[in-house]
Amino acid sequence: MKVKILNKSGFPLPHYATAFSAGVDLQAAIPEGIILKPLERAVIPTGLYLEIPEGYEAQVRPRSGLAAKKGITVLNAPGTIDSDYRGEVGVILVNLSQEPFAVEPGERIAQMVFAAHERVEWIEAEQLSGSGRGEGGFGSTGVK
């Protein structure tokens, strides 16, 4: 798949870190550092603008290292970038730790994964067919 990109970040294009990486890292395109206080959130610009082919989306996801080590995550994970959106890609970061966190210019703040998607056609029904699970919801499969 080919994706057109307009890069106003001042950094190299996002790239796959390893041969088997699913996502590319997104960097903070900010002129100076930003402090995220505990439980504070902010939209961090990336300086990237995409033209994603129809039938695909880009998903913005947390970086596992930032989440595990610093408590920094993407608030609406995964955030979806639709194929008809042409604005700047922004990342909604939230600090879930008890310590302030400094987001520095060029810091890798999230990852972006591309995925195909389908559109559905609704078929209205009076009832649904049964299944082994039925209406069992959260935690109903016995997984703890």
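1. The lining of the largest cavity is made up of 5 nonpolar residues, 3 polar and 1 charged. Here Ala, Val, Leu, Ile, Met, Phe, Trp, Tyr, Cys and Pro count as nonpolar, Asp, Glu, Lys and Arg as charged, and the others, Gly among them, as polar. The residues concerned are Ser9, Phe11, Pro12, Pro14, Asp25, Leu26, Gln27, Thr46 and Leu48. Two elements give two or more residues to this lining, β2 (24–27) and β4 (41–51). The most comes from β2, with 3 residues. Helices (H or I, at least four residues) and strands (E, at least two) are DSSP runs, numbered from the N terminus.

2. On the basis of the note: this is a predicted model, in which local features need pLDDT of at least 70 and side-chain atom pairs count only at pLDDT 80 or more, while totals for chains, interfaces and linings use all residues. Residues are numbered from 1 along each chain as its sequence is written, and side-chain values use heavy atoms, with hydrogens and water left out.

3. How many cavities of 30 Å³ or more does the structure hold? There is 1, and the volume of the largest cavity is about 50 Å³. A cavity is a set of points, on a 1 Å grid over the protein atoms alone, where a 1.4 Å probe fits but cannot get out; lining residues have an atom within 4 Å of a point. Grid points are joined across faces, edges and corners, and the volume is the space filled by probe spheres set on the points.

4. A salt bridge is a side-chain nitrogen of Lys or Arg within 4 Å of a carboxyl oxygen of Asp or Glu. The structure holds 2 of them. In one, the side chains of Asp25 and Arg63 meet at 3.4 Å, N to O. This pair links distant parts of the chain, with Asp25 in strand β2 and Arg63 in the loop between β5 and α1 (64–70), 38 residues apart. Asp25 counts as buried at 19% relative accessibility, and Arg63 is buried as well, with a relative accessible area of 18%. Buried means under 20% relative accessible area, exposed over 50%, and partly exposed in between (1.4 Å probe, protein chains only).

5. Arg108 and Asp25 also meet through their side chains in a salt bridge, at 2.9 Å, N to O. Arg108 lies in strand β10 and Asp25 in strand β2, so this pair ties together parts that are 83 residues apart in sequence. Arg108 is partly exposed, with a relative accessible area of 42%. Through shared partners, the salt bridges join Asp25, Arg63 and Arg108 into one network.

6. Both β2 and β10 belong to an open sheet of 4 strands, in the order β2-β10-β5-β7, with antiparallel pairing. Each of the edge strands, β2 and β7, has a single partner strand, so one side of each is left without a neighbour in the sheet. Neighbouring strands are turned by 35 degrees against each other on average, direction ignored. The axes behind such angles are lines fitted to C-alpha atoms, for helices over the stretch in contact, and angles run from 0 to 180 degrees between N-to-C directions. Two strands pair if DSSP finds at least two bridges between them. β5 (residues 56–61) and β10 (residues 108–116) pair in the antiparallel sense over 6 bridges; the bridge partner of Arg61 in β10 is Gln111.

7. Another open sheet has 4 strands in the order β1-β4-β8-β6, and its pairing is antiparallel. What stands at its edges? β1 (4–7) and β6 do, each with a single partner strand, so one side of each lacks a neighbour in the sheet. The twist averages 40 degrees from one strand to the next. β1 and β4 pair in the antiparallel sense over 4 bridges, and Leu6 has Tyr49 as its bridge partner in β4.

8. Some backbone details in the loops deserve a look. Most residues other than glycine have a negative phi, and most peptide bonds are trans. The peptide bond from Ala77 to Pro78 is cis, with omega near -10 degrees. Pro78 lies in the loop between β6 (72–74) and β7 (79–81). Leu39, in the loop between β3 (34–36) and β4, has a positive phi, near 65 degrees. Leu39 is exposed, with a relative accessible area of 64%.

9. Leu96 is in the loop between β8 (88–95) and β9 (101–103). Leu96 is exposed, with a relative accessible area of 53%. The C-alpha atoms of Leu96 and Glu40 are separated by 7.9 Å, while the two residues are 56 residues apart along the chain.

Note on methods:
On a 1 Å grid over the protein atoms alone, a cavity is a set of points where a 1.4 Å probe fits but cannot get out, and a pocket is an open set with protein on both sides within 12 Å along at least five of seven lines; lining residues have an atom within 4 Å of a point.
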